[in-house]
Amino acid sequence: MEILLAIMTGILYAAGIYLILRRSLVKLIIGIVILGNGVNLLIFLMGGLVKGRPPLIPEDGKALEGLFADPVPQALILTAIVISFGLQSFAIVLINRAYKVLKTDDIDTMNKTDDIT
Amino acid sequence: MSEHLTIYPIIVHLLTAILLLFFWMKPNIQRYISIFGSAVGIVIGALLFQRVWAEGIQSIQLGNWQAPFGITMVADTLAVSLIVLTNIISFALSIFSTKNMVSSRVKFGYHAIFHFLIMGLSGAFITGDLFSLYVWFEVIIISSFVLLTIGGRKIQIEGAVKYFTLNMISSIIFLTGIAMVYGATGSLNMAELSRIIPEIENKGLIQTISLVFFIGFGVKSGVFPLYFWLPASYHTPPAVVSALFAGLLTKVGIYAMIRVFTLIFPLGEVNQVILMVIAGLTMFFGGIGALVQKDILRVFSYLIICHIGFMVGGLSLFTEVAIVGAVMYMFHDIIVKATLFMLGGVMFRIFGTTRLKDMGGLMDNYPRLSLLFAIPLFALVGVPPLSGFWPKVSLFSASYSEGEIAMLVMFIFASLITLVIIAKVWNSTFSKKENKLEKRASFKYFTDFSFAEKAAYIVPIILLVGVTLYYSLFAEHFQVVAERIGNELMNTEQYYNAVFGIKEETKL
């Protein structure tokens, strides 16, 4: 399972970086979204995978016993997902606005701010 | 009540921002609340500074979860000094924005977002947890996106696309680093990490992780190969936003770099060389970039990059004297860079343009203003006894005594090229003959301003120039603070003890 997730994380990173390097604005945003998912998966994987042992104290117990899933990465991912959701929705509004104002989707033509005039 | 003083700098700006949301359509009330909120921020910052100075590093466990499990807030001398400076800048910029920000933009929530940004900065300075640092960084960047695009001019949107992309990527790299640290150690508490990391056998892994962090923070602070978003976006928004970004946003990247590379991953031989090379290249390319630019705001943007090199260089030498120099330089740079972009805003109002070619005659027409403007410009170069001179004493002597002559040469090169650039700016704006440009009809020039408008533009500059002069003439006060910071950063057990150790001292 770990091997599968590790390969999956690698694929997501590669796909995200590939899309960011394309010239289209839309592909740029999709690339960032995919990279974000890759990171979330990486955090999940780094916590270690434990199958079927949620970190819940049984009703008659006082403390967790034996092997249990690490709850911290899940909390971290939840936070990261919420944050990236907010940022991505801002990004979509921004590229929509950029397309309307600049009349182009091509990143290579966006060089007005770098001109030496 | 008073044991929670550590988190008050965050709460002040949070409450101010929430209060501002209730006056969404009333720009004038918003302006007063914003100035008041920043003034309270200065008072809180000063109180916290005084407490940290008297009683040592303060820490607070949020929700009373004990140290490695919950989120810890730690106020050490570096963090509180930066909070005080942040609030001073925020106060000056609140006054500056009363006239620099038109009401239509204020109605998009400018002031509320401004205070959310300051809140994010304060949080990033005092957090003691790596993941929480990431969250505060996100608070900062989402606020800065809104500030950058507010108003929605064509050039702003284009700058924002570049700024947005690079900052998102840097956050993703930072988060990757956090995931790797958690995988390697099982903890994200900075104080605990400072004990766990040296015991890990696999040095190559730690090396790799530390460089992942360096790339993440490097994008934010604008070091050599990663800085291209900065000059592409910093000249696009209104002057007050540029001043805020120039003064504080790149410095929070440097702060994170200093914190992580002293506390968590103390610099080794390899990292030191990498940081030195990058610092040298940053100073070189920032300086050369500024030299060829023909727009005053873009010249200043490249100067930010050039001077980031001083701080990274100071960190890379990794002796107490060098860290003192880097911290002193950071204090000086925060104040002067914010002043510079406000100057740019005033010059734009005087000339109606930011192109150096079309400016001129400032000295003939505004002799008193010229004198005021000269102070931050000369302080930037480091003309003794102005503020840029003092940090360089520590930086030069540290690089000489460490035998890093190449670093010393780069410091001198960067100082000289700054002098050339400022001389160029001085020639084309102050001493050159006035250009008789045709006046733009729909543009409000500085000469048409009422007294209140002029005051709103000039008073914050006088305020920050006053701070610069205080720094220049009483540099020993800053030196004492910086030496204590250097001591705290190089001897990490103080930080560790404040988080874990003797509780009765920190929790009265």
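I call two residues in contact if their C-beta atoms, placed from the backbone, lie within 7 Å. Before counting, I noted that this is a predicted model, in which local features need pLDDT of at least 70, side-chain atom pairs count only at pLDDT 80 or more, and totals for chains, interfaces and linings use all residues. Residues are numbered from 1 along each chain as its sequence is written, while chains are lettered from A and ligands numbered from 1 in the order in which they are written.

**Entry: confidence**

I looked up pLDDT, the predictor's confidence in each residue on a scale from 0 to 100, and found that chain B averages 89, with 98% of the residues at 70 or above. The model scores ipTM 0.93 and pTM 0.93. Residues 504-508 of chain B stay under 50, and the model has five contacts beyond four places in sequence for them. Where pLDDT is low, the predicted coordinates should not be read in detail.

**Entry: where the chains touch**

I found 31 residues of chain B in contact with 29 residues of chain A. Helices here are DSSP runs (H or I, at least four residues), strands are E runs of at least two, and both are numbered from the N terminus. On the side of chain B that touches chain A, helices H6 (130-149), H7 (154-185) and H10 (229-233) of chain B each supply at least two residues, and H7(B) gives the most, with 17 residues.

I then checked Phe164(B), which is found in helix H7 of chain B. Is Phe164(B) buried or exposed? I call a residue buried if 20 or more other C-beta atoms, placed from the backbone, lie within 10 Å of its own, exposed if 12 or fewer do, and partly exposed in between. Phe164(B) counts as buried because it has 26 C-beta neighbours inside 10 Å. Leaving aside neighbours within four places in sequence, Phe164(B) is in contact with Ala91(A), Leu94(A) and Phe145(B).

**Entry: chain A**

I counted three helices and zero strands in chain A. The radius of gyration of chain A, taken over C-alpha atoms, is 20 Å, well over the 13 Å that the globule rule gives for 117 residues, so chain A is more spread out than a compact globule; that rule is 2.2 Å times the number of residues to the power 0.38. The C-alpha atoms of chain A fill a box of roughly 70 × 25 × 20 Å along the principal axes, and buried residues make up 24% of the 117 residues.

I compared helix lengths with the expected span, 1.5 Å times one less than the number of residues. For H13(B) (residues 296-317), the 22 residues should span 32 Å, and the end C-alpha atoms are 32 Å apart, which agrees. I found 22 of the 22 residues of H13(B) buried, so this helix is largely enclosed by the rest of the structure. Phe318(B), which follows H13(B), has a positive phi near 55 degrees.

For H16(B) (residues 367-381), the 15 residues should span 21 Å, and the end C-alpha atoms are 21 Å apart, which agrees. The buried residues of H16(B) include Leu369(B), Phe373(B) and Ile375(B), and the buried residues of this helix pack against H14, H18 (405-431) and H19 (451-473) of chain B. Just after H16(B), I noted that Gly382(B) takes a positive phi of about 95 degrees.
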